[in-house]
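Student: I have a model open and would like to learn how to read its features one by one. Can you walk me through it?

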Amino acid sequence: MTPEKVFETEIKPFLDNHKIWYVKYFANRNTKAGIPDILACVNGYFVGIEVKAQKGSPSALQMYNVRKIRESGGFAVVVYPSGFEKLK
């Protein structure tokens with residue numbers, strides 16, 4: 001399992017434990033590229049979570065979508081394992 005997937009398996013149980021609705025977004029040839037890995041609704045707010053391994057970096061398209069979500073009034077973050085406590 002990749003380091004990014006390992007970290008994602010830490011985030012999802014946290015969301016479950018806090019009764020946060022979310023969906024893991026799977027990209028393929030029939031879906032829009034650059035969408036955050038996890039789409040959630042937290043206290044009525046749309047939240048996009050782009051999951052990265054500690055040494056990973058988001059693509060320009062991923063950052064574009066983070067920016068568009070924020071401009072639309074939602075919340076979007078790129079989260080690394082070192083920032084997991086802050087995400088909580």
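**Reading the model, feature by feature**

Tutor: Leaving aside neighbours within four places in sequence, lysine 52 is in contact (heavy atoms within 4.5 Å) with Glu4, Phe7, Ser57, Pro58, Gln62, Val78, Val79, Tyr80 and Pro81. Before we go on, some ground rules: this is a predicted model, where local features need pLDDT of at least 70, side-chain atom pairs count only at pLDDT 80 or more, and totals for chains, interfaces and linings use all residues. Residues are numbered from 1 along each chain as its sequence is written, and side-chain values use heavy atoms, with hydrogens and water left out.

Student: Where does lysine 52 lie, and is lysine 52 buried or exposed?

Tutor: Lysine 52 lies in the loop between β3 and α2. Those labels come from DSSP runs numbered from the N terminus: helices are H or I with at least four residues, strands are E with at least two. Burial goes by relative accessible area with a 1.4 Å probe and protein chains only: under 20% is buried, over 50% exposed, and in between is partly exposed. Lysine 52 has 8%, so it counts as buried. For a distance along the fold, the C-alpha atoms of lysine 52 and alanine 40 are separated by 17 Å, and the two are 12 residues apart along the chain.

Student: Which side chain does lysine 52 join in a polar contact?

Tutor: That of glutamine 62, at 3.2 Å. A polar contact is a pair of N or O atoms within 3.5 Å; within protein, one must be able to donate a hydrogen and the other to accept it, and residues adjacent in sequence count only if both atoms are side-chain atoms. Glutamine 62 also has a side-chain polar contact of 3.0 Å with glutamate 50.

Student: What else can I say about glutamine 62?

Tutor: Glutamine 62 sits in helix α2, residues 60-71, and is buried because its relative accessible area is 15%. Beyond four places in sequence, glutamine 62 is in contact with Gly34, Glu50, Lys52 and Ser57. Compare tyrosine 64, also placed in helix α2: at 38% relative accessibility, tyrosine 64 counts as partly exposed.

Student: Is glutamate 8 buried or exposed?

Tutor: Buried, at 3% relative accessibility. Glutamate 8 belongs to helix α1 and, not counting residues up to four places away in sequence, touches Lys24, Asp37, Ile38 and Val51.

Student: How do I read aromatic pairs?

Tutor: A pair of aromatic rings is described by the distance of the centres and the angle of the planes. Rings of Phe, Tyr and Trp (its six-membered ring) pair if their centres lie within 6.5 Å; planes under 30 degrees apart count as stacked, over 60 as edge-to-face and the rest as tilted. A search of the whole structure finds three such pairs. One of them is phenylalanine 7 with phenylalanine 84, edge-to-face at 5.6 Å centre to centre and 90° between the planes. Phenylalanine 7 lies in helix α1 and phenylalanine 84 in helix α3, so this pair ties together parts 77 residues apart in sequence.

Student: What links Phe7, Phe14 and Phe84 into a cluster?

Tutor: Ring pairs do. Phenylalanine 14 and phenylalanine 84 form an edge-to-face pair, 6.0 Å centre to centre with 80° between the planes. Both of these residues are buried, and phenylalanine 7 is buried too.

Student: And backbone angles?

Tutor: Most residues other than glycine have a negative phi, and most peptide bonds are trans. Lysine 19 has a positive phi near 55°; lysine 19 lies in the loop between α1 and β1 (21-24) and, at 77% relative accessibility, is exposed. Asparagine 43 has a positive phi of about 50°; asparagine 43 is in the loop between β2 and β3 and is exposed at 73%.

Student: Last one: which residues line the largest pocket?

Tutor: Rolling a probe the size of a water molecule over the atoms shows where empty space is left. Here the lining is Phe14, Leu15, His18, Ile20, Ala40, Val42, Val47, Ile49, Val77, Lys86, Leu87 and Lys88. On a 1 Å grid over the protein atoms alone, with a 1.4 Å probe, a pocket is an open set of points with protein on both sides within 12 Å along at least five of seven lines, and lining residues have an atom within 4 Å of a point.
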